[in-house]
Amino acid sequence: MQGLVIKSTGSWYLVHGEDGHDYQCRIKGKFRIKGIQTTNPIAVGDQVDFEMEPNSENGVIYNLHPRKNYIIRKSINLSKQAQIIAANIDEAFLVVTLASPRTSLGFIDRFLVTAEAYSIPAVLIFNKLDLYNEDGLEVLAEYKNIYERLGYPCYEVSAIEGTNMPMIENLLKDKTTLFSGHSGVGKSSLINVLLPGRSIKTGEISEASDKGQHTTTFAEMHTLPFGGYLIDSPGIRELGIYDIKPEELGHYFREIRDLMHSCKFHNCRHINEPSCAVLEAVKTGEIESSRYESYLSIYHGNETRA
């Protein structure tokens with residue numbers, strides 16, 4: 001049978017079969033994907049072939065269909081391995097909060113670079129609008145200005161008050177969308193608004209660290225009542241960039257990609273070369289300094305940037 005992986009718990013996968021039933025499946029033998037070493041060979045969103053085990057209600061996945069794309073991150077603890085967050089998605093939403101917990105510009109940039117590398121449209125969702133004071137709204141406007149100038153759609157929402165949620169529903173309709181972000185940014189609360197009656201568990205923010213507690217421990221795909229699929233992923237603390245060579249990196253920063261052909265040298269690294277159009281643009285403010293700092297951080301192989 002053919003099916004769609006709708007939940008992954010590590011060793012078991014819930015597969016929605018073409019007959020409309022869901023099956024608990026495991027992987028047959030060693031399952032390695034050509035060219036990439038991952039901690040999870042199968043991910044939510046994958047199309048697979050499976051067969052039923054003899055005298056059992058469980059299935060065995062024996063074939064993975066080619067993926068159109070995926071979002072991947074480097075395992076911070078296992079430097080040579082990576083984890084595929086989701087596969088075959090139409091768009092990726094990064095849920096962002098400016099406090100409780102704070103989403104850094106560096107984290108946003110790493111997510112956007114990963115989405116660019118796999119040609120996945122990315123959207124920034126600024127949640128917890130109900131908590132912002134006047135200063136917070138100013139910072140929010142600055143953040144939005146950085147990314148809207150680059151063509152990334154930005155939306156302000158409040159899951160608690162329902163602010164702009166109909167607009168989000170409209171963006172999700174009839175698409176497969178990944179929801180990602182740090183633990184504690186309110187992904188579960190947003191999903192509970194979008195999926196009335198499903199009651200996804202929500203977590204508290206730790207006062208000591210201002211970090212969210214993990215409430216989603218595995219990725220899961222939900223069917224949206226108005227059409228489409230939403231993939232809820234576990235909160236990400238750190239996002240290591242995987243399989244992007246330093247010399248390719250500029251292609252995944254939109255503003256650098258637009259200017260790189262104006263540099264004097266065709267193999268310009270945009271670090272200290274003479275007549276570099278990118279460095280000139282940083283100097284004049286045409287390229288935001290925070291974005292350039294993210295570029296340098298990733299280029300030099302730093303695992304994270306606050």
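Student: Which residues does cysteine 263 touch, not counting residues up to four places away in sequence?

Tutor: Cysteine 263 touches Cys268, His270, Ser275, Cys276, Ala277 and Val278, once residues up to four places away in sequence are set aside. Keep in mind that this is a predicted model.

Student: Where does cysteine 263 lie?

Tutor: In a loop. That loop runs between helix H5 (254-259) and helix H6 (277-284), and cysteine 263 sits in it.

Student: Is cysteine 263 buried or exposed?

Tutor: Buried. Its relative accessible area is 9%, and the cut-off for buried is under 20%.

Student: What about cysteine 268, where does that one lie?

Tutor: Cysteine 268 is in the loop between H5 and H6. It counts as buried, at 11% relative accessibility. Leaving aside neighbours within four places in sequence, cysteine 268 contacts Cys263, Glu273 and Cys276.

Student: Which residues does the UniProt annotation "binding site" cover?

Tutor: According to the unreviewed UniProt entry, the "binding site" annotation covers Cys263, Cys268, His270 and Cys276. Such annotations may be inferred rather than shown by experiment.

Student: Let's zoom out. How many helices and strands does the chain have?

Tutor: Seven helices and 13 strands. The chain has 306 residues, and 52% of them count as buried.

Student: And of the contacts between residues at least 6 apart in sequence, how many join residues at least 24 apart?

Tutor: 64% of them do.

Student: Now helix packing. How do you describe two packed helices?

Tutor: By the angle between their axes and the distance between the axes.

Student: OK, at what angle do H1 and H2 cross?

Tutor: Roughly 25°. Helix H1 is residues 105-117, helix H2 is residues 134-148, and their axes come within 12 Å. Angles under 35 degrees count as roughly parallel, so H1 and H2 are roughly parallel to each other. Their crossing is right-handed.

Student: Which residues of H1 and H2 meet?

Tutor: From H1, Leu105, Ile108, Asp109 and Leu112. From H2, Tyr143, Ile146 and Tyr147. The residues of this contact of H1 with H2 divide into six nonpolar, no polar and one charged.

Student: At what angle do H1 and H7 pack?

Tutor: About 65°, with the axes 9 Å apart. That makes H1 roughly perpendicular to H7. The crossing of H1 and H7 is right-handed. On the H1 side, the contact is made by Leu105, Gly106, Asp109, Arg110, Leu112 and Val113; on the H7 side, by Ser290, Arg291, Ser294, Ser297 and Ile298. The residues of the H1 and H7 contact divide into four nonpolar, four polar and three charged.

Student: Why is H7 called largely enclosed by the rest of the structure?

Tutor: Because eight of the 11 residues of H7 (residues 289-299) are buried. They are Ser290, Arg291, Tyr292, Ser294, Tyr295, Ser297, Ile298 and Tyr299.

Student: Which helices do the buried residues of H7 pack against?

Tutor: H1, H2, H5 and H6.

Student: What follows H7?

Tutor: Glycine 301 does, and its phi is positive, near 80°.

Student: Last one. In which helix is glutamate 116 found?

Tutor: H1. Glutamate 116 counts as buried, at 15% relative accessibility.

Student: And which residues is glutamate 116 in contact with, leaving aside its neighbours within four places in sequence?

Tutor: Tyr152, Tyr252, Arg254 and Arg257.

Methods
Residues numbered from 1 in each chain as written. Predicted model: local features only at pLDDT ≥ 70, side-chain atom pairs only at ≥ 80, totals over all residues. Heavy atoms only, no water. Axes fitted to C-alpha atoms, helices over the stretch in contact; angles between N-to-C directions. Helix = DSSP H or I, 4+ residues; strand = E, 2+ residues; numbered from the N terminus. Parallel < 35°, antiparallel > 145°, perpendicular 65-115°, else oblique. Left-handed = near helix turned anticlockwise from the far one by under 90°. Contact = heavy atoms within 4.5 Å. Nonpolar A, V, L, I, M, F, W, Y, C, P; charged D, E, K, R; others polar. Buried < 20%, exposed > 50% of the residue type's maximum accessible area, 1.4 Å probe, protein only.
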